[in-house]
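Trainee: Could you walk me through reading this model, one feature at a time?
Mentor: Gladly; here it is.

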Amino acid sequence: MNNTVLVDITIPSHTRYLGLIGKLGETVVSELNLCPGKHECLCQSINMVLTEALVNAITHVTTTDQDKGVQIHISASNEELTIRVYDHGKGFNLNRFTENDCPDPLQEHGRGIFIMRSLMDSVEYQKINGNGNVLILRKKLDRSN
Amino acid sequence: MNFKTDASGKIMVIYVREDRLDANNAEELKAELNRLFELGTKDLVIDLNDVHFIDSSGLGALVSGFKNASARQGSIKLSALQSQVKSMFELTRLHRVFDIYQTADEALTGE
């Protein structure tokens, strides 16, 4: 039996919704009892990566596209958690951010990608033909305690 | 953003009264820190006891305050970091930048 839960939600492009979506991610992890024994840590991580992914999407949305909102898709099973965040902006070059380099602590900006890469197993950013971009975050879930 | 400010001698204590310090309110904290520095405050304690979540924008606002204080030969100390906030500081190595205390009182006495 397929035990994957799919959550699809669209929010306006505004940072006032960060807490809502972060909490939603925590609730999915908690209610599905994903990663038993480590799920408080996973809850915090998912809240964090959702927040960072949304801030990226909102920051890169152009003024004319703000009313299209930001779409979030969460796929959760006992084996894997996948988050997709769709934006309609001009996008950014993920390859500019060198793998695994911790930003200079005295930088005021630029920690978001590092944080997502640290907390997830993979981070990809893809253009969708003629219709925006998607940030894909994946995490394999350890079934052992 | 909700915060309470108390003066303890020459040191100002800011109690951040928010569950989240993130991109939605980090600029307000940054602006408040700037305002206090421009009024002549040099040494600040920021108490984060109520803050259970911080993102990269929240971290950036604190770093901005730290740099502002340093430029004025002042200081910013942090107190009462909750577990997620502590984790983010360690992940981004900011625990090596800031002086962090268990309580605002300890930060004021420097213990």
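Trainee: How many helices and strands make up the secondary structure of chain B?
Mentor: Helices (H or I, at least four residues) and strands (E, at least two) are DSSP runs, numbered from the N terminus. Chain B has four helices and seven strands, in the order β-β-β-α-β-β-α-β-α-β-α. This is a predicted model, in which local features need pLDDT of at least 70, side-chain atom pairs count only at pLDDT 80 or more, and totals for chains, interfaces and linings use all residues. Residues are numbered from 1 along each chain as its sequence is written, while chains are lettered from A and ligands numbered from 1 in the order in which they are written.

Trainee: What ipTM does the predictor give the complex?
Mentor: The ipTM is 0.92, and the pTM is 0.92.

Trainee: How many residues does each chain bring to the contact?
Mentor: Residues are in contact if their C-beta atoms, placed from the backbone, lie within 7 Å. Chain A brings 20 residues and chain B 21. On the chain A side, H2(A) gives the most, with six residues.

Trainee: And the core: which residues touch the most other members?
Mentor: In soluble globular proteins, nonpolar side chains tend to be buried together. A nonpolar core is a set of buried Ala, Val, Leu, Ile, Met, Phe, Trp, Tyr and Cys residues joined through C-beta atoms within 7 Å; buried means 20 or more other C-beta atoms within 10 Å of a residue's own. In the largest core, of 64 residues, they are A:Val49, A:Ala53, A:Leu54, A:Met116 and B:Ile46. H2(A) supplies the largest share of this core, 11 residues.

Terms used: Contact = placed C-beta atoms within 7 Å. Buried ≥ 20, exposed ≤ 12 C-beta atoms within 10 Å, placed from the backbone.
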